[in-house]
Protein chains: 2
Amino acid sequence: MAPINFGILGCAFIAGKVSRAITLSPNSTLYAIGSRSYEKAAKFAKDNGFPDSAKIYGSYDAVLMTRSGVQIMDATMWMHHPRTAKMKEFLLDSSLFGELKSVHSCFTFAVDKNFLENDIRVKPDLDALGALGDVGWYCIRSILWAADFELPKSVLALRGAVLNSAGVILACSASMQWEDGKTATFHCSFLANLTMDVSVVGTNGTLRFHDFVVPFEENKASFLTAVKSGFTELVTGWEPKPSEHTVSTDLPQEALMVSEFSRLVGSIKFDGAKPEKKWPTFSRKTQLVVDAVKTSIDRGYEVVEVSS
Amino acid sequence: MAPINFGILGCAFIAGKVSRAITLSPNSTLYAIGSRSYEKAAKFAKDNGFPDSAKIYGSYDAVLMTRSGVQIMDATMWMHHPRTAKMKEFLLDSSLFGELKSVHSCFTFAVDKNFLENDIRVKPDLDALGALGDVGWYCIRSILWAADFELPKSVLALRGAVLNSAGVILACSASMQWEDGKTATFHCSFLANLTMDVSVVGTNGTLRFHDFVVPFEENKASFLTAVKSGFTELVTGWEPKPSEHTVSTDLPQEALMVSEFSRLVGSIKFDGAKPEKKWPTFSRKTQLVVDAVKTSIDRGYEVVEVSS
């Protein structure tokens, strides 16, 4: 199969990471880069190992083709790490994990003064969802992932959201409730030390990982499971104890993401396959919950029903 | 200093663990046991290594003396583990941890059918606070501990509390908010796998431990800290990574608790010292928040202001 050509829009920091992933992914190639400035695009191509044949454009539009039958996939890299599939196996095993009862997710990082003044994520006319749209989006994705993408019945933002003077969220928390009684909470913030926690508790088992968006190391990632946890006699210790599992990967998660995307695009382009619907469905559900949390905050911390 | 004599009220399972701790604690001795039944008391004394000289009573009243100037301390064993002091050092070091921003605590365990039908913790006329008064109490204590026992401004129970047919709480979650903007959430349940998580996030650092009430092992306990966490170039890993710290203890935490209690009682009894006020203050503040969560649930998940 011929490699899939990628066009990159914009020269943001993250585009450098994704460009490297496209280079690392065997079925994918860097084809074009567009920026509002031709010079920035040319410099980005040079700095990020684009082939000499790559197209350089001074606009986004020049890169884009819009047509039906395209594959949509948001760039949620951790969804593609083999650890994620291993953890899902654990959650789906009813004898190990049982029925999902609660999830907690936390994604925070501490920004500097320059970020608080100038980053697009704190500007009401740019990425107006602030910490909720950035790190909170990942928390919500992790919760939906744990809940097999079943939407919660309702969402409630928790009092104490921190907004900047323009009204953009710098930190917030929210809770979710499902029809069957399971619940989740998350906390997201630009104002606290970098933390990426997910804890998932079921009737039989518990799953934890502390580096959910970006694993601590590139070539392997760990998670903790506990099954039918109990105590020793006299409650002086645990029996059994939680156990740690490590999953290795030859390619970083972002290259696995690119590779999977290219595989799907190749199937459409060369084999007449239909686009894989689960990816845009995941995106849409995540955004629905993000929007419900924002609505809850805007309404003074009211409960917001979620409907698909 | 003469050892401090302990009288035990009731023959519950936990009394066996505490009796062992009193035996292990060098400045403490088992002196009396009272039960509603003399036979149960005598059997308990025999099974738990009481000295032959121990008094056996067929009532609670026979054991009790009530007078002023007594030391009150709730039996929250983990407060006395040397790990707890080490973690507190970390939280109090502003260059390592910074300012507290958020706490999440989770304490759940999976009970059986017999517990759900017969345990005093699910009976409205016995321990009517259910999972909130049992495991939720520990979650609240851990949150207050992280917040240096500053009471939250308000408490909100989260929708989705599970009640039994008699109205006793089997699972619930709540959020708390402080005057200075810090926030906390917790989840407690009798209906999910045994889990004991505390995560504390500050401006500079993060603290985690997964066995907060009962350490995984009796003679040592660990915790994870992260300070000024960041990423490698291209965000392919973390630099620095969190680090694990292990604290050993010669005596189990419950014996350290008994020993500290005996030390305080001995000071009062033999040296004319005043009772240490921090212990009843901790108890009272914990109960205030427990009660606020209960009120929030009873009022249909309304925000409840907390006042001391």
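Strands are DSSP runs of E with at least two residues, numbered from the N terminus. In this predicted model, strand S1 of chain A covers residues 4-9, and A:Leu9 sits in it.

Start at that residue. A:Leu9 has a relative accessible area of 43%, so it is partly exposed.

Next, step back to the chain as a whole. Chain A is divided into domain 1 (1-66) and domain 2 (77-253 + 282-305). Their C-alpha centres lie 31 Å apart. Six residues from domain 1 of chain A and five residues from domain 2 of chain A take part in the contact.

Now go inside. In soluble globular proteins, nonpolar side chains tend to be buried together. Here the largest nonpolar core has 87 residues. Those with the most contacts inside this core are A:Phe107, A:Trp145, A:Phe186, A:Phe190 and A:Val293. Helix H5 of chain A, residues 130-146, gives the most to the core: 11 residues. Both domain 1 and domain 2 of chain A contribute residues, so the core lies between them.

Two of the core residues are worth a visit. Take A:Val293. Beyond its neighbours within four places in sequence, A:Val293 is in contact with A:Leu132, A:Ile140, A:Val155, A:Ala157, A:Ala174 and A:Phe186. A second, separate core has 82 residues, including B:Ile4, B:Ala157, B:Ala184 and B:Met257.

The other is A:Phe190. This residue lies in the loop between strand S8 (183-189) and strand S9 (191-202) of chain A. Is A:Phe190 buried or exposed? The cut-off for buried is under 20% relative accessible area. A:Phe190 has 1% relative accessibility, so it counts as buried. With neighbours within four places in sequence left aside, the contacts of A:Phe190 include A:Phe109, A:Val111, A:Phe115 and A:Val122. A:Phe190 and A:Ile169 are 21 residues apart along the chain, and their C-alpha atoms are separated by 9.0 Å.

Move on to helix H7 of chain A, residues 278-298, where A:Asp291 is found. A:Asp291 has a relative accessible area of 36%, so it is partly exposed. In sequence, A:Asp291 and A:Val304 are 13 residues apart. In space, C-alpha to C-alpha, they are 9.8 Å apart.

Charged pairs come next. The count over all chains comes to 34 salt bridges. One of them joins the side chains of A:Asp74 and A:Arg141, at 2.6 Å from N to O. A:Asp74 lies in the loop between strand S3 (55-57) and helix H3 (82-92) of chain A, while A:Arg141 is in helix H5 of chain A, so the pair ties together parts that are 67 residues apart in sequence. How accessible are the two partners? A:Asp74 is buried, with a relative accessible area of 15%. A:Arg141 is buried as well, with 0%.

Another salt bridge runs between chains. A:Glu305 pairs with B:Arg159, and the closest N and O atoms are 3.6 Å apart. A:Glu305 lies in strand S13 (residues 303-305) of chain A and B:Arg159 in strand S5 (residues 154-163) of chain B, so this pair joins two chains. A:Glu305 is exposed, with a relative accessible area of 51%. B:Arg159 is partly exposed, with a relative accessible area of 30%.

Chain B has its own example. The side chains of B:Arg83 and B:Asp211 meet in a salt bridge, 2.6 Å from N to O. This pair links distant parts of the chain, 128 residues apart. B:Arg83 is in helix H3 (residues 82-92) of chain B. B:Asp211 is in the loop between strand S9 (205-209) and strand S10 (220-227) of chain B. B:Arg83 counts as buried at 2% relative accessibility. B:Asp211 is buried, with a relative accessible area of 3%.

The tour ends with a network. A:Arg20, A:Glu218 and A:Glu254 are joined into one by salt bridges that share partners.

Technical notes: Residues are numbered from 1 along each chain as its sequence is written. Chains are lettered from A and ligands numbered from 1 in the order in which they are written. This is a predicted model: local features need pLDDT of at least 70, side-chain atom pairs count only at pLDDT 80 or more; totals for chains, interfaces and linings use all residues. Side-chain values use heavy atoms; hydrogens and water are left out. A nonpolar core is a set of buried Ala, Val, Leu, Ile, Met, Phe, Trp, Tyr and Cys residues joined through side-chain atoms within 4.5 Å. Buried means under 20% relative accessible area, exposed over 50%, partly exposed in between (1.4 Å probe, protein chains only). Helices (H or I, at least four residues) and strands (E, at least two) are DSSP runs, numbered from the N terminus. Domain bounds come from an automatic or database domain assignment. Contact means heavy atoms within 4.5 Å. A salt bridge is a side-chain nitrogen of Lys or Arg within 4 Å of a carboxyl oxygen of Asp or Glu.
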